[in-house]
Amino acid sequence: MEAERLIAAGRQALAESGTAQDIVAEAWQAQALAQAIGSHLALCGPLELRGEARGLSETGEYPTWGAGGPRAAQLTEVSDPVATLTALGVLLGDVGIALVGVACATDEEGLYWQCIEAIDAVDESNDRVGGMLRRLAVRDRERARPPDTARGRAGPGPGPA
């Protein structure tokens, strides 16, 4: 399944989460999806992203999956890296907000620490997503620059003498 469709499914599942445990489970689903997208981009994405994408693929350690496994296992393609990373950033932001809400509302120490662990993983993933988006923006700006014919390359011409 295409990455953006999986992200949309994750946002819908998070919105429909009825309990604190459901929110934590969706947080780990989002984290698994971030890792899968990172793995895909590390192998098949733009060269500028491969190092950072490899790092994204290694963020967070989630609990053992049940029989259903992670939704991310359905990932088959990332057709538009910028749109995918932007949508993933939104999902991770939504997950972080939901986790903070659960952590603040719970009196159960175990659930609180589960939320803190998930918040850390989601925050690290979101930082990497932001870094990849910045790299793509720099690449796109450099490609859009007209070539400097005096020097035979893109960039500003010679300064005043």
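What covers the buried residues of α3?

## Around α3

The cover includes α2, α4 and α5. The residues concerned are Glu 52, Ala 53, Gly 55, Leu 56 and Ser 57. Buried means under 20% relative accessible area, with exposed over 50% and partly exposed in between (1.4 Å probe, protein chains only). Helices are DSSP runs (H or I, at least four residues), numbered from the N terminus.

## About the model

This is a predicted model: local features need pLDDT of at least 70, side-chain atom pairs count only at pLDDT 80 or more, and totals for chains, interfaces and linings use all residues. Residues are numbered from 1 along each chain as its sequence is written, and side-chain values use heavy atoms, leaving out hydrogens and water.

## The nonpolar core

A nonpolar core joins buried Ala, Val, Leu, Ile, Met, Phe, Trp, Tyr and Cys residues through side-chain atoms within 4.5 Å. The largest one has 39 residues. Ile 37, Leu 88, Val 95 and Leu 99 touch the most other members. At least two residues of this core come from each of α1 (3-15), α2 (20-44), α3 (50-57), α4 (81-105) and α5 (109-144). The largest share, 12 residues, belongs to α2.

Take Leu 88. Leaving aside residues up to four places away in sequence, Leu 88 touches Ile 7, Ala 34, Ile 37, Leu 56 and Val 129. Contact means heavy atoms within 4.5 Å.
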